Amino acid sequence: MLRINDISKYYGKIPALSNISLQIRKGICYGLVGPNGAGKSTLIKIISSIIRDYTGNIQFSGNDVRLGYVPQDIALEETVTARDNLQFFGKIHGLSGKVLKDRSTEVLTAIGLEAREKDKVLTFSGGMKRRLNIGCAIMHNPNLIIMDEPTVGIDPQSRQYIFQMIERFKEKGCTIIYASHYMEEIEQLCDEAAFIDKGKIVENDKLDHLLEKYATPSIFVKGKDFLPQSIETYGSIQAKSGGYILTTSNPLTAMGAVLNWCKEEGRELERLELVKPRLEDVFFSLTGKQLRD
Ligand code: ADP
């Protein structure tokens, strides 16, 4: 869908992005993940042609790229209705008459605000404003939708609603670029991701490859008379929540060893679980930093 070639950007003397190169395939949800100030918004604004003074270039494949940009800061006129906001953005994209009216109705349904179409935006909750903000960006039926932290400051229901919208965009064949500092959102939504830190790409790949490459799986074992020494040859052990976490490159063998030991020693187990590696662990392994609020 697009290829980003060697992009660098300075704000005055401050380097915001350094030599960013990425390739984003059609039809996927691509995550840009990194702490606040990493450069995600700057990259998104460059892709969306909002920032034009940078070095490097971006190539879009084909002539039929319709780009929809959902800004991090809500860009709505609060003193008018939801429908008026949608129509305003529709008109900017050249829609008019019945087409504009019908498309506004369609988008109101897609963002779940059809019952509130005649209400002024200033009466809306944060989550409703976020949904309308997305609605305005999709009035022209884009096939590349770029979202900058679209869930900041909203309730869990609205967040889930936005996630369902993104799934529907994907089902329709849209490509999504999704920037967030919430690792669990990237995990839930994205097929591939780039980790950005201090203006540089630290790593980018399919999510399962990233997890395989950088995050070591672990198991959790808990039992009244369980002795951690019985599995210490399989990896490193840490006491946690009344049990033990064993970090090991061979979790299934270690689980088998736990079961065998308990059977042979006649000990009872309370819990034995495989702990899935998380993107958070990948980021930590790459940067030595936790990515949290
Ligand atoms: P993110 O979206 O990951 O939080 P940004 O792209 O907003 O990161 O910011 C990257 C860096 O560029 C930060 O150091 C930020 O302070 C700086 N920056 C962003 N916008 C401007 C601006 N308009 N003027 C000066 N510095 C900026």
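How many bridges join strand β10 to strand β12, and in which sense do the two strands run? Four bridges join β10 (residues 218-222) to β12 (residues 243-247), and the strands run antiparallel.

## Basis of the model

This is a predicted model, in which local features need pLDDT of at least 70 and side-chain atom pairs count only at pLDDT 80 or more, while totals for chains, interfaces and linings use all residues. Residues are numbered from 1 along each chain as its sequence is written, and side-chain values use heavy atoms, with hydrogens and water left out.

Helices (H or I, at least four residues) and strands (E, at least two) are DSSP runs, numbered from the N terminus. Two strands count as paired if DSSP finds at least two bridges between them.

β11 and β12 form a hairpin with two residues between them. Ser-241, in the turn, has a positive phi of about 45°.

## The three-stranded sheet

An open sheet is formed by three strands in the order β2-β1-β4, with antiparallel pairing. β2 (14-24) and β4 (55-60) stand at the edges with a single partner strand each, so one side of each is left without a neighbour in the sheet. From one strand to the next the twist averages 15°. Angles run from 0 to 180 degrees between N-to-C directions, and axes are lines fitted to C-alpha atoms, for helices over the stretch in contact.

Strand β1 (residues 2-11) is joined to β4 by five bridges. Leu-2 has Phe-60 of β4 as its bridge partner. Helix α1 lies across β1, β2 and β4 and runs at about 120° to β1; contact here means heavy atoms within 4.5 Å.

## The six-stranded sheet

Six strands form an open sheet in the order β5-β6-β7-β3-β8-β9, with mixed pairing. The edges are β5 (67-70) and β9 (200-206), each with a single partner strand, so one side of each is left without a neighbour in the sheet. The twist averages 15° from one strand to the next.

Strands β6 (residues 144-148) and β7 (residues 175-180) pair in the parallel sense over five bridges, with Leu-144 opposite Thr-175 of β7. Helix α4 (residues 126-137) packs on this sheet and touches β5 and β6, its direction making about 160° with that of β5. Helix α7 (residues 207-214) also packs on the sheet, touching β8 (192-197) and β9, and its direction makes about 110° with that of β9.

## Around the ligand

The residues around the ligand (one heavy atom within 4 Å) are Tyr-11, Ala-16, Pro-35, Asn-36, Gly-37, Ala-38, Gly-39, Lys-40, Ser-41 and Thr-42. By class, the shell has four nonpolar, five polar and one charged residues. Here Ala, Val, Leu, Ile, Met, Phe, Trp, Tyr, Cys and Pro count as nonpolar, Asp, Glu, Lys and Arg as charged, and the others, Gly among them, as polar. Helix α1 (residues 40-47) supplies the largest share of the shell, three residues.

A backbone N or O atom of Gly-37 lies 2.7 Å from an oxygen atom of the ligand, and a polar backbone atom of Gly-39 is 2.9 Å from a ligand oxygen atom. For Thr-42, a polar side-chain atom lies 2.5 Å from an oxygen atom of the ligand. The protein covers 58% of the 560 Å² of accessible area that the ligand has on its own, by the Shrake-Rupley method with a 1.4 Å probe.

Notes: A polar contact is a pair of N or O atoms within 3.5 Å; within protein, one must be able to donate a hydrogen and the other to accept it, and residues adjacent in sequence count only if both atoms are side-chain atoms.
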